[in-house]
Amino acid sequence: MEPRFDMFANALGAKISKRLYNVSLAIEQSPLPKATQNLMMVRASQINGCGFCVDFHTKEATAAGESAVRQNLVAAWRETTVFTDAERAALALTEEGTRLADAHQGVSDETWAQVREHYDDDQIAALVSLVAVINAANRMNVIVRNQGGSYEPGMFSGMSS
């Protein structure tokens, strides 16, 4: 399978991709724990079948010190003991926010209550924004068929403006 389109080779595509990256930098610099951010991005990318983003975010998580055990178990996080209650709330929000079309109510009141229990307003702003941004990135990469496997940690660090 070959990529269909190179967003970075197109002036408008590169401009949009750069803006999306800059939003992700604001989230990264938020008070939401980086480990939680990484877990959320991996989980949304798994759900959406985005090989490029799974590759990107697992390699960044590894570079940040995340254990292989936690990364390997994120797909089955409900059936594990390696995630905190706060991380579980974030992962539930990620799944429900990613699978909006699968549930008539979107994010459940139960999940929202768990998020409110563990995170302050700035962290919640980051959580909600992260779910939106990673889903946008997943969709862009899946649509143009960007493949996983060649990402190197820090590869996009020069994109910020």
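**Briefing: helices, cores and salt bridges of a predicted model**

Glu95 is buried, its relative accessible area being 4%. The structure described here is a predicted model, and Glu95 belongs to a network of salt bridges that also links Arg43, Arg78 and Arg99. In total, the structure holds eight salt bridges. The largest nonpolar core has 27 residues, and helix 7 gives the most to this core, with eight residues.

**Annotated region**

- An unreviewed UniProt entry carries the annotation "domain: Carboxymuconolactone decarboxylase-like" for residues 26-96.
- In the model, this span is 69% helix and 0% strand, and its end C-alpha atoms lie 23 Å apart.

**Helix 1**

- Helix 1 comprises 18 residues (residues 11-28), which at 1.5 Å a residue should span 26 Å; the end C-alpha atoms are 25 Å apart, in agreement with that expectation.
- At the start of helix 1, the backbone nitrogen of Leu12 has a side-chain oxygen of Asn10 within 3.0 Å.
- The buried residues of helix 1 are Gly13, Ser17, Tyr21, Asn22, Leu25 and Ile27.
- Helix 2 (34-48) and helix 7 (121-144) are among the elements that cover these buried residues.

**Nonpolar cores**

- Within the largest nonpolar core, of 27 residues, Met40, Val115, Tyr119, Leu127 and Phe156 touch the most other members.
- Two or more residues of this core come from each of helix 1, helix 2, helix 3 (51-63), helix 5 and helix 7.
- Another core, of seven residues, lies apart from the largest one and includes Leu39, Val42, Trp77 and Leu91.
- Beyond its neighbours within four places in sequence, Tyr119 is in contact with Leu32, Thr36, Ala86, Glu87, Ala89, Ala90, Ile124 and Leu127.
- In soluble globular proteins, nonpolar side chains tend to be buried together.

**Surroundings of Thr98**

- Thr98 is found in helix 5 (residues 85-98), and its relative accessibility of 8% means that Thr98 counts as buried.
- Outside the four places on either side in sequence, Thr98 is in contact with Ala44, Ile47, Asn48, Val131, Asn135 and Arg139.
- The C-alpha atoms of Thr98 and Ala132 are 8.1 Å apart, although 34 residues separate the two in sequence.
- The side chain of Thr98 makes a polar contact of 3.0 Å with the side chain of Asn135.
- A polar atom of the Thr98 side chain also lies 2.7 Å from the backbone oxygen of Thr94.

**Salt bridges**

- Side chains of opposite charge can pair when their charged atoms come close.
- Glu87, one of the contacts of Tyr119, forms a salt bridge with Arg70, with the closest N and O atoms 2.7 Å apart.
- This pair links distant parts of the chain, as Glu87 lies in helix 5 and Arg70 in helix 4 (residues 68-73), 17 residues apart.
- Glu87 and Arg70 are both buried.
- Glu95 and Arg99 meet through their side chains in a salt bridge of 3.8 Å, N to O.
- Whereas Glu95 is buried at 4%, Arg99 has 33% relative accessibility and therefore counts as partly exposed.
- A further salt bridge, at 2.8 Å from N to O, joins the side chains of Asp121 and Arg116.
- Asp121 counts as exposed because its relative accessibility is 52%, and Arg116, at 42%, counts as partly exposed.

Terms used. Residues numbered from 1 in each chain as written. Predicted model: local features only at pLDDT ≥ 70, side-chain atom pairs only at ≥ 80, totals over all residues. Heavy atoms only, no water. UniProt positions renumbered as here; feature names shortened; annotations may be inferred. Helix = DSSP H or I, 4+ residues; strand = E, 2+ residues; numbered from the N terminus. Expected span 1.5 Å × (residues − 1). Buried < 20%, exposed > 50% of the residue type's maximum accessible area, 1.4 Å probe, protein only. Contact = heavy atoms within 4.5 Å. Polar contact = N/O pair within 3.5 Å; in protein donor to acceptor, adjacent residues only side chain to side chain. Core = buried A, V, L, I, M, F, W, Y, C linked by side-chain atoms within 4.5 Å. Salt bridge = Lys/Arg side-chain N within 4 Å of Asp/Glu carboxyl O.
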